[in-house]
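Please look over the structure below before reading the points. The notes are brief and go element by element.

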Amino acid sequence: MEPNQKVEDESQPSISAMTRRIQRLTLHLTSPVLPPPPPHHQLDMLTCASKAANKVVEVDKASLSEYMRGKNRDIQDRILEFFSSRPDLQNPVEISTKEHRELCLRQLMGLVREAKVKPLRYVVEDPAIYFAIMEAVGSLDISLGIKFGVQYSLWGGSVLNLGTKKHRDKYFDGIDNLDYLGCFAMTELHHGSNVQALQTTATFDPITDEFIIDTPNDGAIKWWIGNAAVHGKFATVFARLILPTHDSKGVSDMGVHAFIVPIRDLKTHQTLPGIEIHDCGHKVGLNGVDNGALRFRSVRIPRDNLLNRFGDVSCDGKYTSSLPTINKRFAATLGELVGGRVALAHSSVSILKVAVTIAVRYSLLRQQFGPPRQPEVSILDYQSQQHKLMPMLASSYAFHFATQYLVDKYSEMKKTHDEQLVADVHALSAGLKSYVTSYTAKSLSTCREACGGHGYAAVNRFGSMRNDHDIFQTFEGDNTVLLQQVAADLLKQYKDKFQGGTLSVTWNYLRESMNSYLSQPNPVTARWESADHLRDPKFQLDAFRYRTSRLLQSVAARLRKHTQTLGGFGAWNRCLNHLLTLAESHVESVILAKFIEAVQNCPDPRTQAALKLVCDLYALDRIWNDIGTYRNVDYLAPNKAKAIHKLSEYLSFQVRNIAGELVDAFDIPDFVTRAPIAMQSEAYAQYTQHVGF
C-alpha cells in the first residue's frame with residue numbers, strides 16, 4: 001500500500017474489495033489450464049509406513065552433536081566434569097530456601113575458585129564463550145545460572161559497559177574472583193518496564209564532591225534485586241541524576257544514570273549506614289537466588305562512582321555528554337545492557353532441551369496398551385504423543401540455531417559497535433527472548449502432562465524447571481512489552497521502505513515480500529500440494545514472510561486510520577493484539593531462516609538429512625497452526641491446506657523414528673538431566689531405588 005492510499009472501512013468492505021474477492025473465487029471455481037505441478041503424493045498412514053521403510057533417515061549422533069555444540073564445547077565439558085566430580089555441589093530434590101541460597105553461592109565459588117573458570121573478561125572480549133559457560137552452569141541448576149548472570153552479566157556487565165577505565169581498573173578483579181559480589185538495582189516497587197520513570201534520586205553535592213542517593217517514597221524502593229538479600233556487597237543503582245542550578249527551579253533532572261553504591265562492609269558484611277535491606281522471601285521458583293529490597297536514606301558516594309561512559313559530572317557540577325538528549329543517553333545505556341536478553345533466550349533453549357530430553361526418553365520407555373494379544377507399544381507410537389512432543393523437539397533445534405545466530409550478531413556488535421548492528425541486535429534480542437521464553441514456559445507444562453503421573457514427581461524435574469523458568473517471561477523485559485518493541489521497529493522499517501531508506505539486516509526480506517504482498521496471491525501455486533513443493537525451503541520461507549508482510553501492511557493501515565480519532569496512544573492500544581501477532585510472525589520468520597541456513601551449511605550428508613526433516617516439521621507445523629490466516633487471503637487453497645496437515649503428521653511420525661538420537665545429540669549427561677525416568681539405562685530401577693525399594 002502506498003502511504004497516501006485510502007484505507008477502507010474495517011466493517012464495510014468497498015465495492016472494489018468485493019469485486020476482487022469474487023474474481024478470486026471465480027479462479028477457484030473455473031478450472032484454468034495449469035502448468036503440471038510436481039507429482040502428488042498420498043499421505044495416509046499406510047503410505048507413510050511404506051515410505052518410512054523405503055527411505056530411512058539415519059542419525060550420526062556424534063556428528064550431529066559436534067555440529068550443534070560447536071567450538072565452545074570444551075569449556076562446557078570442563079565445567080560439567082568439575083561438578084560431576086563434586087557430589088557435595090549437586091542439588092538435592094528437597095532443599096530449604098536458606099540451604100539453596102548457600103549451595104548456590106558454594107557452587108559459584110567452586111566454579112570460579114576451584115575450577116578456575118573466570119567469566120568476566122568474556123563478557124566483553126568473547127561473549128560466545130561467556131554464554132557457553134552460562135549455559136553449562138544453568139543446566140546444573142537454573143538458580144545457579146541466574147545468580148551467575150546477576151554477578152557477571154548485570155553487576156559486572158554494567159561496570160564494564162557503562163563505566164570507563166577507572167571503574168574497570170578498580171572493580172574488575174574483585175568482580176571476577178567474587179570478592180565483590182554485587183547486585184543490579186534497577187527495578188522499583190512502582191516501576192519495572194518503564195525504566196525512564198524510576199524515582200530513586202542521585203543528587204550532586206558540589207561542596208563535598210559526592211552524590212546523595214535517596215529513596216523518595218515507598219514506590220521507589222528497589223525491588224526483586226538479585227544478590228541483595230544476603231550476599232551482595234555492591235549494587236549498580238539506577239537513579240535520576242539531579243544537578244543544582246542557579247535558575248528559579250534550583251535543580252535540573254538529567255535523567256536515569258547508573259551509580260556504584262556499596263551496600264555492605266567488605267570485612268564485616270554488615271549493612272552500611274543509610275541503607276535498609278529486606279528479604280523478598282520465598283518465591284514461586286529460583287529460591288537459590290537471594291532477592292531483596294533496598295531503601296536509601298541520604299547515602300553519600302564519591303562522584304567517581306557515577307558510571308560515566310555516556311554522561312559525566314565535573315567537580316563544579318557541570319554535566320557533559322557526547323549524546324545531546326536525555327532520550328539518546330537513555331537508549332545508549334539500555335542498549336549496552338541487551339546482553340541480559342541474549343543470555344535469557346540462550347538459557348531458555350537449554351532448559352527446553354532438558355525438558356524435551358526427559359519427555360522423549362520417557363515416552364520411548366513407557367509402554368501402554370496395544371493391539372489384541374500383542375505386546376504393549378511405546379506411548380511415543382501414539383499420534384497424540386507425537387503431536388505433543390515432535391514439533392517441540394523440532395522447535396528446540398530451531399531455537400538453538402536462532403539463538404546461536406543472535407549470540408554471533410551480539411559478539412560482532414560488541415567488537416564493531418556498528419550503529420545499524422546495535423539496532424538490529426536490540427530488536428532481535430527482544431523478539432527472541434520473548435518468543436523463546438514464552439514457548440518454553442508452555443512446553444514445560446506440556447512435557448509434564450506428556451509424562452503422566454510420573455511427570456508429577458519432583459525428582460523428575462518438570463515442576464522445579466517450570467517454576468524456575470517461569471520468571472524468564474518477565475525479567476530483562478516483560479515479554480508483551482518486548483514484542484511491542486519489535487512491532488514498533490517493524491513499523492519504522494516499513495515507513496523507511498516507502499521513503500527510500502535502507503533496511504537493517506534482519507529486515508531485508510521485507511523489501512521483496514512487501515512487494516509480493518501488494519499483488520494478489522497466485523491461484524496456481526496456491527493449489528500445489530506435492531510433498532516436494534511443501535518441503536521446499538523457498539515455499540516455507542515465502543509463506544512465513546508473506547504472513548509477516550501482510551500483517552505489517554494491514555496494521556500500518558489500521559494505525560493510520562485510528563490515529564485520526566484516538567491519537568497515537570489510543571490507536572496503538574486499539575491495534576495491540578494485531579501488533580503482537582505481527583511481532584511473533586516476524587520472529588518465526590527469522591527462526592526459520594536461520595534453521596534453513598543451518599541445514600544448508602551442515603557438512604555431513606546424513607546429519608543434514610536429519611536436520612532437513614526436523615526443519616520441515618518445524619515450518620509446516622507453524623504454517624498449519626496459523627492456517628486461517630493463509631486461507632482468509634487465499635494464499636493456500638483448501639486442498640493445499642489439507643496436504644500441509646497430512647504432511648505435518650507424517651513428518652512427526654518420521655521424526656519419532658529418530659527422536660531418541662535427536663535428544664541424545666544434545667549431549668546432556670545423566671547427572672544434569674537427573675530425572676530417573678530419563679536415564680539412558682535402568683530408568684525404572686533408578687526410579688524405584690529413589691523412593692527406597
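1. Strand β2 (residues 201–205) runs parallel to β5, and 3 bridges join them. A202 has L241 as its bridge partner in β5. Strands here are DSSP runs of E with at least two residues, helices are runs of H or I with at least four residues, and both are numbered from the N terminus. Two strands pair if DSSP finds at least two bridges between them.

2. This is a predicted model, in which local features need pLDDT of at least 70 and side-chain atom pairs count only at pLDDT 80 or more, while totals for chains, interfaces and linings use all residues. Residues are numbered from 1 along each chain as its sequence is written, and side-chain values use heavy atoms, with hydrogens and water left out.

3. Strand β1 (residues 182–185) is also parallel to β5, with 4 bridges. G182 is bridged to F234 of β5. F234 in turn has P262 as its partner in β6.

4. Strand β6 (residues 251–262) runs antiparallel to β5, joined by 10 bridges. The hairpin of β5 and β6 has 6 residues between the strands, and G250 takes a positive phi near 85° there.

5. How many residues of strand β5 (residues 234–244) are buried? The count is 10 of 11, where buried means under 20% relative accessible area with a 1.4 Å probe, protein chains only.

6. S143 lies in helix α8 (residues 142–162) and is buried, at a relative accessible area of 0%. Its side chain reaches the backbone nitrogen of G288 at 3.2 Å.

Note on methods
Buried means under 20% relative accessible area, exposed over 50%, partly exposed in between (1.4 Å probe, protein chains only). A polar contact is a pair of N or O atoms within 3.5 Å; within protein, one must be able to donate a hydrogen and the other to accept it, and residues adjacent in sequence count only if both atoms are side-chain atoms.
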